[in-house]
Amino acid sequence: MTKPLEGIKIIDFTHVQAGPACTQLLAWFGADVIKVERPGSGDVTRNQLRDIPDADALYFTMLNSNKKSLTLDTKKPEGKEILEKLVRESDVLVENFGPGALDRMGFSWERLNELNPKMIVASVKGFSDGHHYDDLKVYENVAQCAGGAASTTGFWDGPPTISAAALGDSNTGMHLAIGILTALLGRDKSGKGQKVAVSMQDSVLNLCRVKLRDQQRLERVGYLEEYPQYPHGEFSDVVPRGGNAGGGGQPGWVLKCKGWETDPNAYIYFTIQGHAWAPICHALGKPEWIDDPAYKTPEARQPHIFEIFKTIEAWLSDKTKFEAVDILRKFDIPCAPVLTMKELANDPSLRASGTIVEVPHKKRGTYLTVGSPIKFSDLQPEVTASPLLGEHTEEVLAGLGYSQQDIFNLREIKAV
Ligand code: CAO
């Protein structure tokens, strides 16, 4: 099967998570992704949080599958020369260095555009160009704080809270992948490359869009009726943390199931969808609530929504989270068990769909990773192992016309 991105050559000058997540996605879809790494050390995640001595850490293997690895010291003249050759024949360069690092290396956008006017130069930074914080280096949690996620996540009586989901890292990488694909389509029409930049702050904020919605509603009416603070608590002039409340017009909460006293994940998420009130009452064995004026409409329910959730918890007390969902699904109630990583790793549906895959690796044996969350009718992305450090250096250099002797000499001076 021909993969859609076959023939697209990408210089992957990325590290840690945000950039690698982007280029991994493009590699799954067929792009030839060459990861450029510093000789001797490589991407810092190869060594971070190792679980097997002397083998690349899962942090690296799970973000760099389907790629080649070329070691290159791009601060040495010989390394710069090799990078220039690669740039001349590549379609895309992706980087997520700290602010100004690529310029200091001598590869500004202007220089890259001069070397290859058709090339797309794609960057992740913490903040966008010209932002008053654009000199800052940024990691995941910093971005979640800067992008509005932390101030709106958690419980109202606790501190701002970080989400476990990589809203700043992988999410930014996904935004960048969309930008690169757009620029590639644009190049088909214009014949020209362009610079594509995504900031982690902007990408987090994009996912916090409904909180910006809430800020404006709060300023207009002084309250937010779907938040637990309504109607008994107080609102200030900023969007509060809403615990586990639903983010839209459907109230919801995380509810205890059988075994919650000993199992910290014996919970389901239960949504009270406005038009599904009658089925909910039938499911709970409370048909008298259907026409009761105190329960009949969302407005009538909201002042005592937590009392309703308590009643649902009483109903859940003799059901496991899986049993509960099996009953509620028959009533068309939007709900799900709170799943642990162990449950997800072993979920047969996720294995069958290729969302969780086992990948053989030269040094690690087999490891689990997340496969493509995007499913196609004409493409089955196959996940292959991440490369060992410098595994493809010879292959890539030979492709650029370097002889065995050249490569030996380059190794001697530690340029590759
Ligand atoms: N050969 C020679 N030098 C290389 C090289 C190579 N192959 N690859 C990288 N380098 C050099 C860079 O040129 C840079 O040198 P100078 O600072 O002297 O110009 C140096 O390595 C360090 O790069 P860095 O600033 O990117 O690395 P850091 O560890 O200090 O910072 C991070 C890491 C992630 C905070 C920073 O890269 C950053 O803010 N990136 C943008 C935002 C981002 O993507 N963050 C997400 C990370 S995932 O949580």
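Visitor: Is Phe155 buried, partly exposed or exposed?
Guide: Keep in mind that this is a predicted model. Phe155 counts as partly exposed, because its relative accessibility is 35%. The cut-offs are under 20% for buried and over 50% for exposed.

Visitor: How many aromatic pairs does the structure hold?
Guide: It holds 13. Phe155 and Trp156 form a tilted pair, because their planes meet at 55° with the ring centres 5.5 Å apart.

Visitor: What about Trp253 and Phe309, how are those rings arranged?
Guide: They are stacked. The centres are 6.5 Å apart, with 25° between the planes.

Visitor: Which parts does that pair tie together?
Guide: Trp253 is in strand S7 (residues 252–256) and Phe309 is in helix H12 (residues 305–316), so the contact joins parts 56 residues apart in sequence.

Visitor: Are those two buried or exposed?
Guide: Trp253 is buried, at 12% relative accessible area. Phe309 is buried too, at 4% relative accessibility.

Visitor: Which residues do ring pairs link into a cluster?
Guide: Phe155, Trp156, Trp253, Phe306 and Phe309.

Visitor: Switching to charge. Which residues gather in a patch of positive charge on the surface?
Guide: Arg38, Lys75, Arg104 and Lys137.

Visitor: Where is Lys137 found?
Guide: In the loop between strand S5 (120–125) and helix H6 (140–146).

Visitor: Why does Lys137 count as exposed?
Guide: Because its relative accessibility is 68%, and the cut-off for exposed is over 50%.

Methods
Residues numbered from 1 in each chain as written. Predicted model: local features only at pLDDT ≥ 70, side-chain atom pairs only at ≥ 80, totals over all residues. Heavy atoms only, no water. Patch = residues over 30% accessible without salt bridge, like charges linked within 9 Å, V, L, I, M, F, W, Y side chains within 5 Å. Areas by Shrake-Rupley, 256 points an atom, 1.4 Å probe, with all protein chains shown as cover. Salt bridge = Lys/Arg side-chain N within 4 Å of Asp/Glu carboxyl O. Lys, Arg positive; Asp, Glu negative; His and termini not counted. Charge placed at Lys NZ, Arg CZ, Asp CG, Glu CD. Helix = DSSP H or I, 4+ residues; strand = E, 2+ residues; numbered from the N terminus. Buried < 20%, exposed > 50% of the residue type's maximum accessible area, 1.4 Å probe, protein only. Phe/Tyr/Trp six-rings, centres within 6.5 Å; stacked < 30°, edge-to-face > 60°.
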